[in-house]
Amino acid sequence: MPRVAVLDDYQNVARNMADWGSLPPDVSVDFFQDHLSAEDDVARRLEPYEVVVAMRERTPFQRTLFSRLPNLKLLVTTGMRNASIDMVAAAEHDVTVCGTDGLPYPTAELTWALILALARKVPTEDAATRSGQWQVTMGEGLQGKTLGVIGLGRLGSQVARIGAAIGMNLLAWSQNLTAERAAEFGARLVSKDELLGESDIITIHLVLSDRTRGLLGERELSLMKESAYLVNSSRGPIVEESALIRALESGAIAGAGLDVFDIEPLPLDHKLRSLPNTVLTPHMGYVTAETYRIFYGDAVEDISAFLAGNPVRVLSE
C-alpha cells in the first residue's frame, strides 16, 4: 500500500484543499502540521513513505537525507522550483521529483502590504489602539517618493505597476535588466548603487542563486538613505542578515519589511523579533487559499500520474 506524507501543513488545511480521495483506494495519506528541523527527525518520520509532498522549501531534501529514505520514490514540491532539493542526489537515488503550478500575484500583493505597513506604521498603531492609545506615530505618504525595484521579472514588474499607479517614481536594477525592459513598466534602469542611494523604498524580487546570495551587505546597506525602507519577500540570504540587523539597530536605515529569513521558522530568540523598526511576516507571500488549491490539487494529480506510470510536471537539474 503506497503511503503519502504531506509535510509542513502549518495551518492544517491541506486535507481540504484537494480531492485526496481521488487517489487509488490503496493509497494512505498522512498530514503533518508540525515542522521538523533536524535531519534525524525528518528521516525517522519519512522512512516508511514512498511519496512525500513538500511545501516549497520548508523542509530541505539534501543528499544525506535521500540516502536515509530507501522507500522514497516520488517527491512532490509545490511550485516548479525548489532550491532546497538536491536534484542530482534525487536522480541518483531513483527518486522522481515533480512540481506544481502556482499563482504569480500573491507575493506581489504581500510586498505592498509590507510597504504600506512600514510607511503608515500599521503594526504600531494597531497595537496602540488595542491598548487604549490613539494616534501615536506619524506615517509617510508614498506618492512622489522613489521606489527601487531589484529584479523586474514576473513579480517585480507587478510591484512596479502598483507603484506607478500610486504615483511613485520607479528605478530598477538587476544583473541582466535592459533599459527597454525597465521602460515597459515606467521604470528607469540605473546601477545597483544608484538605486540604493536614491530610493525611498527598496524591494527585492530575485531568485536566490550563487550570484544573488549576499547581494546586499554592509557596503550596500550603507548607501541607503537613513529614511529608506528595505522590503524582502524573495529569499532571506539575498541580504546579509547580520549587516541588516546592524543597520536597523543603528538607525542607518528607517526600517525593513521581511517575509523571508535565513532560518525558517524564525527562531524564537532571533534579534529581528525584538527590533521595533521591522514588520515581519512568516514567509506567507504565496500563502493564499487560491494558491493552496492549485498546489495541492496539482500534487494529487502528480501522485496519480506517477502511480499510473506516466509522471507529469517532472523537474530535472
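This is a predicted model: local features need pLDDT of at least 70, side-chain atom pairs count only at pLDDT 80 or more; totals for chains, interfaces and linings use all residues.

Visitor: What makes a residue a contact of Ala 182, and which residues are in contact with it?
Guide: The criterion is heavy atoms within 4.5 Å; leaving aside neighbours within four places in sequence, Ala 182 is in contact with Leu 152, Ala 172, Leu 177, Ala 187, Arg 188 and Leu 189. Phe 61, by contrast, is 121 residues from Ala 182 in sequence and 36 Å from it in space, C-alpha to C-alpha.

Visitor: How do you know whether Gly 255 is buried or exposed?
Guide: Gly 255, whose place is in strand β11, has 0% relative accessibility, and as the limit for buried is under 20%, Gly 255 counts as buried. Leaving aside neighbours within four places in sequence, the residues in contact with Gly 255 are Leu 118, Ala 228, Tyr 229, Leu 230, Leu 248 and Asn 277.

Visitor: Why is Thr 107 called buried, and what does Thr 107 touch?
Guide: Thr 107 belongs to helix α4, residues 105-119, and its relative accessible area is 13%, which is under 20% and therefore buried. Not counting residues up to four places away in sequence, Thr 107 touches Leu 155, Ser 233, Gly 285 and Tyr 286.

Visitor: What makes a group of residues a nonpolar core, and which members of the largest one touch the most other members?
Guide: The members must be buried residues of nonpolar kinds, such as Leu, Ile or Met, joined through side-chain atoms within 4.5 Å. The largest such core has 30 residues, and Ile 150, Leu 216, Met 224, Leu 230 and Leu 244 touch the most other members. At least two residues each come from β7 (169-173), α8 (192-198), β9 (201-204), α10 (241-250) and β11 (255-258), and α10 gives the most, with five residues. Apart from this core lies another, of 24 residues, among them Ile 115, Leu 147, Leu 170 and Val 279. In soluble globular proteins, nonpolar side chains tend to be buried together.

Visitor: Which residues does Met 224 touch?
Guide: Not counting residues up to four places away in sequence, Met 224 touches Leu 196, Ile 202, Tyr 229, Leu 230, Ala 252 and Ile 253.

Visitor: What makes the phi of Asp 94 and of His 283 worth a remark?
Guide: Most residues other than glycine have a negative phi, and most peptide bonds are trans. Asp 94, however, has a positive phi near 60°, and His 283 has a positive phi of about 45°. Asp 94 lies in the loop between α3 (87-92) and β5 (96-98), and its relative accessible area of 60% is over 50%, so Asp 94 is exposed. His 283 lies in the loop between β12 and α11 (289-307), and with a relative accessible area of 13%, under the 20% limit, His 283 is therefore buried.

Visitor: Where is the cis peptide bond, and what is its omega?
Guide: The cis peptide bond joins Glu 264 and Pro 265, with omega about -5°; Pro 265 has its place in the loop between β11 and β12 (278-280).

Visitor: How do you know that the protein is as compact as a globular protein of its length?
Guide: The protein has eleven helices and twelve strands, and its radius of gyration is 21 Å, close to the 20 Å that the globule rule gives for 317 residues, so the protein is as compact as a globular protein of that length. Its C-alpha atoms fill a box of roughly 60 × 50 × 30 Å, taken along the principal axes, and 50% of the 317 residues count as buried. Among contacts with a separation of 6 or more, 64% are between residues 24 or more positions apart.

Note on methods:
Residues are numbered from 1 along each chain as its sequence is written. Side-chain values use heavy atoms; hydrogens and water are left out. Buried means under 20% relative accessible area, exposed over 50%, partly exposed in between (1.4 Å probe, protein chains only). Helices (H or I, at least four residues) and strands (E, at least two) are DSSP runs, numbered from the N terminus. The radius of gyration is taken over C-alpha atoms; the globule rule is 2.2 Å times the number of residues to the power 0.38.
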